[in-house]
Amino acid sequence: RLVEAFQTGVGFSWGDHGEDTAHMQASMSAGRQQHFLVPVVLASVDGLVERLTSGIRVVDAGCGSGVASCVIAEAFPQSTVVGIDPSSHAIASARARAGALGLDNVSFEEQTFDDLAPGSVDFLLTLDVLHDIPRPADAVAAARRAVADDGVWLVADIKAAPTFEENRRNPMIGLFYAMSVVYCMNSALSEPGGAGLGTLGLHPERLRGLVEGAGFSSFEWREFDEDVSNRYFEIRP
């Protein structure tokens, strides 16, 4: 399939890689999601922990095997968490994870951003997903429709820069570009005319343009010492 993708210019999705890749994808990020997503990242968003404690509707878009969804559901039992992902392998893994943990406030559906109902989400979470999507502008527009007027969207994405020369300073560049060819860019070109952002394609100014173009009014980002690869973007209507 990868040889065919090079020949045609049309790649294939994360889900098409199969069940083993879904587990690999979860393992790559499980450590940081389990250990500092709640106490560090979510705690940095003004008022979010308090709202989660009281109980709100959370959607984890591009949830993969459901690690982050389960972490949030376990930490905030009054909130309802829904994880969505187009990969049947990932959703099956996520459902098994939630079942093993005995969580009854989290569910998983084989869906995409387009399936989100208008105004239905209080807290939208998207971790290392947007650079994989063939049409990220459409996903951002769907997110704007879905997030309630008093809601918040938290996006995590790779610490990318606008130019190759700037990206070359990143000591992880070899890994990032290799991953991109096999997985992220491959997925981002999995439909004809895909944007093809790939692992290092979503730098802050590009994302700012997408969210402001979709009608979001507030955009800020931060980095944490605990995460060497990602930035976190707080986006509000």
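# Helix packing, ring pairs and burial

Analyst: In this predicted model, helix α2 passes helix α5 in a right-handed crossing.

User: Why is α2 called oblique to α5?

Analyst: Helix α2, residues 19–41, and helix α5, residues 88–101, pack at an angle of about 60°, and their axes are 8 Å apart. An angle counts as roughly parallel under 35 degrees, as roughly perpendicular from 65 to 115 and as roughly antiparallel over 145, with the rest counted as oblique, and therefore α2 is oblique to α5.

User: Which residues make the contact between α2 and α5, and how do they divide by class?

Analyst: From α2 come Glu19, Ala22, His23 and Ala26, while α5 contributes His89, Ala90, Ser93 and Arg97. These residues of the contact divide into three nonpolar, three polar and two charged.

User: What makes α2 either roughly parallel or oblique to α4?

Analyst: The angle at which α2 packs against helix α4, residues 67–75, is about 25°, with the axes 9 Å apart. Because angles under 35 degrees count as roughly parallel, α2 is described as roughly parallel to α4. This crossing is right-handed, and its contact is made by Ala26, Ala30, Gln33, Gln34, Leu37 and Val38 of α2 together with Val67, Ala68, Val71, Ile72 and Ala75 of α4. By class, the contact of α2 with α4 has nine nonpolar and two polar residues, and no charged ones.

User: How do you know whether glutamine 33 is buried or exposed?

Analyst: Glutamine 33, placed in helix α2, has a relative accessibility of 11%, and since buried means under 20%, glutamine 33 counts as buried. Leaving aside neighbours within four places in sequence, glutamine 33 is in contact with Val67, Ala68, Val71 and Leu127. Glutamine 33 and valine 67 are 34 residues apart along the chain, and their C-alpha atoms are separated by 7.1 Å.

User: Why is the aromatic pair of phenylalanine 164 and tyrosine 177 called tilted?

Analyst: A search of the whole structure finds seven aromatic pairs. In the pair formed by phenylalanine 164 and tyrosine 177, the distance is 6.0 Å centre to centre, and the planes stand at 45° to each other. Ring centres within 6.5 Å make a pair, and planes under 30 degrees apart count as stacked and over 60 as edge-to-face, so an angle between those limits is tilted. The pair links distant parts of the chain, with phenylalanine 164 in helix α7, residues 164–167, and tyrosine 177 in helix α8, residues 173–188, the two being 13 residues apart.

User: What makes phenylalanine 164 and tyrosine 177 buried, partly exposed or exposed?

Analyst: The relative accessible area is 46% for phenylalanine 164 and 31% for tyrosine 177. Buried means under 20% and exposed means over 50%, with partly exposed in between, and therefore phenylalanine 164 is partly exposed, as is tyrosine 177.

User: How do you know that tryptophan 221 and phenylalanine 233 form an aromatic pair?

Analyst: Their rings lie 6.3 Å apart, centre to centre, with 45° between the planes, and because pairing asks for centres within 6.5 Å, they form a pair, which is again tilted. This pair too links distant parts of the chain, 12 residues apart, with tryptophan 221 in strand β6, residues 218–222, and phenylalanine 233 in strand β7, residues 230–236. At 37% relative accessibility tryptophan 221 counts as partly exposed, whereas phenylalanine 233, at 0%, counts as buried. Elsewhere, ring pairs link Phe113, Trp153 and Phe216 into a cluster.

User: Why is aspartate 227 called buried?

Analyst: Aspartate 227 has a relative accessible area of 2%, so this residue is buried, the cut-off being under 20%. Its place is in the loop between β6 and β7. Apart from neighbours within four places in sequence, aspartate 227 is in contact with Arg32, Phe36, Lys159 and Tyr232. Aspartate 227 and phenylalanine 36 are 191 residues apart in sequence, yet 9.0 Å apart in space, C-alpha to C-alpha.

User: What is the phi of aspartate 128, and is this residue buried or exposed?

Analyst: Phi of aspartate 128 is near 55°, a positive value in a residue other than glycine. Most residues other than glycine have a negative phi.

Methods
Residues numbered from 1 in each chain as written. Predicted model: local features only at pLDDT ≥ 70, side-chain atom pairs only at ≥ 80, totals over all residues. Heavy atoms only, no water. Axes fitted to C-alpha atoms, helices over the stretch in contact; angles between N-to-C directions. Helix = DSSP H or I, 4+ residues; strand = E, 2+ residues; numbered from the N terminus. Left-handed = near helix turned anticlockwise from the far one by under 90°. Contact = heavy atoms within 4.5 Å. Nonpolar A, V, L, I, M, F, W, Y, C, P; charged D, E, K, R; others polar. Buried < 20%, exposed > 50% of the residue type's maximum accessible area, 1.4 Å probe, protein only.
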